[in-house]
Amino acid sequence: MTASYDVIVVGGGNAAMCAALSAQEHGARVLVLEKAPEAWRGGNGFFTAGGFRFAFKSFEELCELTDLADEEKAVMEVDPYTEDNFYDDLMRVTEDQADPDMAMLVVRESQATVRWMRDRGIRWIPMFGRQAYKVGNKFRFWGGLVLEAVGGGPGLIDMAYASAQKVGIDVRFEAKAIRLVTDDRGGVTGVVVRTAAGTESIPARAVVLASGGFEANGEMRTRYLGQDWELARVRGTPYNTGDGIRMALEVGAQPWGHWSGCHAVQWDLNAPWHGDRKVGDNFQKHSYPLGLIVNLRGERFVDEGADFRNYTYVRFGREVIKQPRRTAFQIFDQKVLHLLREEYRIREVTKAEDTTLEGLAGKLEIDVDGFLKTVKAFNAAVGPAEFNPAVKDGKGTTGITPPKSNWALPLDTPPYVGYAVTTGITFTFGGLHITPDAQVIDCELRPIPGLYAAGELVGGLFYHNYPGGSGLMAGSVFGRIAGRSAAMASRG
Ligand SMILES: Cc1cc2nc3c(=O)[nH]c(=O)nc-3n(C[C@H](O)[C@H](O)[C@H](O)COP(=O)(O)OP(=O)(O)OC[C@H]3O[C@@H](n4cnc5c(N)ncnc54)[C@H](O)[C@@H]3O)c2cc1C
């Protein structure tokens, strides 16, 4: 089958579906090419919690995006998350490296894009389970991230595909884009695709690349992220192997952003090599601010309570790969166990429990003497402030390195429980350079005619770290812009 389309979107995740919907509503005939089989549709988007970070001025403004009943609203406590807050978070966690114009565009367009998605059938609910602590009768939300798509990542993808089907967007699965077709002036005029039936060239007036980063490509990980990154577990789809980036570089696109950087988290030590669609993101272990993290020598190596986990989990995920055997252990006692997130209670978890610290260390194969020394020093260093997991409570340690700056409770109430983790890579930060219209820029700093990009394969926004929930948000903002720009370009 060879047909002519105005816009071809390469990839079938969140950024791609936003691009496809946006291009279609701007009058384009759209084809989505997805390399994965339909059973794997949705890319990394499927594996997410569906959490979107966006700016809102008031609780009332936030509620307009949901279908919450009055009784539900009454038990929520949510501080405004302004454009300034979002921008400052982005710049802070990226060590001020994020392109300020890109960051501002994402921030300014964030709420408008969430509204736009809602009008296209994506429904939203508060993240009671993951982003709020119950204090008294109220759910106190923290960390600037409040709403997720109904049904999480799988729900987000189902709703996006339902919306695309409703408006007649063609989607082809098991259709791998292998090359961009260019004219004699370097403009992109189509895509070469490989399917089980063979190879074909599909012409288009514009192409949007939204085929993810190179996190599932062990060779590229080692080449760009460094030694041992081929040994990281892949949290999501095995299909994001850097194809879109490679195809764009082949036609002269400029490499941009933090090529040696990636998003990574603490992930169950025995998780499979790539994501499992049944377990989803539940291999992650994100309640570490409530406990201690030690390595096989029994030593702490990060300030577990430096900030809310949204702002530290990436940094710490990347630290684990530097530890002996790329392994760490999160240790809790009975005082906080009830506060751990649901992912700690799945069947596929690597954990041990014991009534003594020695016993726990032995079961987890942690050096016993090193561990006992660490815990003794830690317990003695804990300050007197009151513990409150819903705010940065300032309950910190004094006189130990690294310190624990908040939520420092002595480890003294058995049985003790330890969870074994390694590094799970989420997505890579290096990629393509785009204009504010999401058009890909070449090495001579000129926009490449007919070529647009959105999602993980765009560089320049995330460096070192990212504030949780801004990956989907940035993909949606630039997907929407890329689709619109591509549709407009296709009209000539
Ligand atoms: C476990 C996990 C949890 C996460 N949680 C969150 C969260 O809660 N909030 C948040 O903001 N972000 C989260 N993220 C990050 C988020 O998933 C990404 O930022 C976002 O989904 C990227 O969207 P995308 O469309 O660029 O890529 P993807 O959704 O990965 O889509 C890329 C698609 O391109 C396809 N493809 C690849 N090569 C080709 C080719 N040659 N031809 C055709 N198709 C191709 C792939 O098969 C894939 O379907 C999470 C990621 C993971 C893995």
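Me: Which backbone oxygen lies 2.8 Å from a polar atom of the side chain of Lys404?
Reply: This is a predicted model, where local features need pLDDT of at least 70, side-chain atom pairs count only at pLDDT 80 or more, and totals for chains, interfaces and linings use all residues. Residues are numbered from 1 along each chain as its sequence is written, and side-chain values use heavy atoms, without hydrogens and water. Lys404 sits in the loop between helix 13 (368–381) and strand 19 (416–428). The backbone oxygen at 2.8 Å belongs to Pro289.

Me: Which side chain of opposite charge is nearest to Lys404?
Reply: Lys404 is buried (under 20% relative accessible area, 1.4 Å probe, protein chains only). Lys404 has no salt bridge (a side-chain nitrogen of Lys or Arg within 4 Å of a carboxyl oxygen of Asp or Glu). The nearest side chain of opposite charge is 5.3 Å away, and it is Glu304.

Me: What is the order of the open sheet of three strands?
Reply: Strands here are DSSP runs of E, at least two residues, numbered from the N terminus. Two of them pair if DSSP finds at least two bridges between them. Strand 3 (51–52) and strand 5 (124–126) are the edges, each pairing on one side only. Pairing is antiparallel, and the order is 3-8-5.

Me: Which residue in strand 8 stands opposite Trp124?
Reply: Strand 5 and strand 8 (residues 147–149) pair in the antiparallel sense over three bridges. Opposite Trp124 stands Ala149.

Me: How far is an oxygen atom of the ligand from a polar backbone atom of Asn44?
Reply: Asn44 is among the residues that come nearest the ligand. For Gly43, the distance from a polar backbone atom to a ligand oxygen is 3.3 Å. For Asn44, it is 2.8 Å.

Methods: Helix = DSSP H or I, 4+ residues; strand = E, 2+ residues; numbered from the N terminus. Buried < 20%, exposed > 50% of the residue type's maximum accessible area, 1.4 Å probe, protein only. Lys, Arg positive; Asp, Glu negative; His and termini not counted. Polar contact = N/O pair within 3.5 Å; in protein donor to acceptor, adjacent residues only side chain to side chain. Near = heavy atom within 4 Å.
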